[in-house]
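Hi,

Here is the structure I promised to pass on. Have a look first, and my notes follow below.

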Amino acid sequence: MITFKYGSQVSVLPASAVGKLDRATKKDIKVLFCLGASPELLSLCEADAAAAASACACTEAELAAALAFWRGAGVLESSEEEPLTVPEKEEKHEKKTKLSRDDELPQYTTDELTELLEKRKDTAQLINECQNVVGKIFNTHEVNIVLGLEDYLGLDGLFILTLCDFCVSIGKKSLRYIEKKAFGLYDDGVTTIDALSKHIENARKIADLEWQIRNLFGMGDRELTTKEKKFIDKWVNAFGYDMDIIKKAYEITVDAIHEPSPAYANAVLERFNKEGLKTLADIEAAIAEKLPGEGSFDTDDFFEAALRRSMEKMKG
């Protein structure tokens with residue numbers, strides 16, 4: 001029969017650490033056991049990092065990296081007002097501003113990454129696949145980014161790979177951009193591959209509509225203004241209008257002021273939405289009821305007063 005030989009001291013560690021050992025480096029494990037054997041070191045880490053590092057027989061940088069890893073793994077928590085534990089996939093991270101990759105997330109050296117990836121074959125394969133998608137070999141910082149998305153945010157490999165592919169498809173190949181996008185999605189509750197697929201589908205729909213709207217209003221390839229971006233987001237996402245209805249608003253705009261104006265068209269679409277008109281058929285039927293007779297659309301009868309008020313607010 002095999003039994004533990006405790007001697008005069010007992011080291012107590014959370015059972016959750018066992019499932020994270022395959023992701024930890026030797027230095028991470030060493031620090032964990034030191035903290036378990038001498039719990040007073042936990043408070044010393046915050047009060048005197050140099051002394052704590054000396055007690056753990058490591059450098060301050062190694063101690064900081066180990067603490068970050070075990071916080072991210074959900075084994076340690078901060079004494080701050082909110083614990084820095086690894087969030088479950090179904091939970092929503094409170095505020096991105098509380099995260100600082102340089103201060104809170106594990107930052108492994110090249111040697112540590114080599115050791116870690118030798119043990120984590122799936123993660124090593126994920127990094128290789130992401131490199132193929134992005135079209136470059138990742139440096140140490142970029143590999144750390146992928147590990148942060150997987151270990152800290154708890155995103156699975158398919159999610160990360162799909163996100164990389166989407167970002168590359170819109171011309172964003174920077175791992176820093178991909179990381180920022182991932183954190184934004186996480187804050188919005190997009191943490192599963194199904195939710196990501198729907199997000200990508202909607203983003204591509206908006207991009208296609210934006211291209212059509214650019215052509216319709218003669219905007220060309222120039223950068224859209226902040227106001228124009230808000231208009232398009234409102235038309236597509238808030239109102240749920242498709243291109244047929246946007247074209248109708250464009251026609252009304254040109255008939256009324258003889259030039260394309262996104263601001264005027266926005267006022268038209270806001271009026272449609274306020275009147276509860278959600279389909280082109282509803283809009284045309286409402287306009288037909290308001291027409292004084294055959295001929296062009298009469299804005300005096302249906303829209304003009306409201307449009308004037310909307311336009312005055314915009315100018316103000």
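Over which residues does pLDDT stay under 50, and how many contacts beyond four places in sequence does the model have for them? The stretch is residues 80-103, with 57 such contacts; pLDDT is the predictor's confidence in each residue, from 0 to 100, and a contact means heavy atoms within 4.5 Å. Residues 293-301 also have pLDDT below 50, with 15 contacts in the model beyond near neighbours in sequence.

This is a predicted model, in which local features need pLDDT of at least 70 and side-chain atom pairs count only at pLDDT 80 or more, while totals for chains, interfaces and linings use all residues. Residues are numbered from 1 along each chain as its sequence is written, and side-chain values use heavy atoms, leaving out hydrogens and water.

The protein chain averages a pLDDT of 80, and 82% of its residues score at least 70.

Now to helix α11. Seven residues, the largest share of the lining of the second largest pocket, come from α11. Elements giving two or more residues to this lining are α9, α10 (175-187), α11 (193-217) and α12 (226-238).

One salt bridge (a side-chain nitrogen of Lys or Arg within 4 Å of a carboxyl oxygen of Asp or Glu) joins R214 and E210, whose closest N and O atoms are 3.4 Å apart. R214 and E210 are about one helical turn apart because they are four residues apart in helix α11. By this rule, the count is nine salt bridges.

Best wishes
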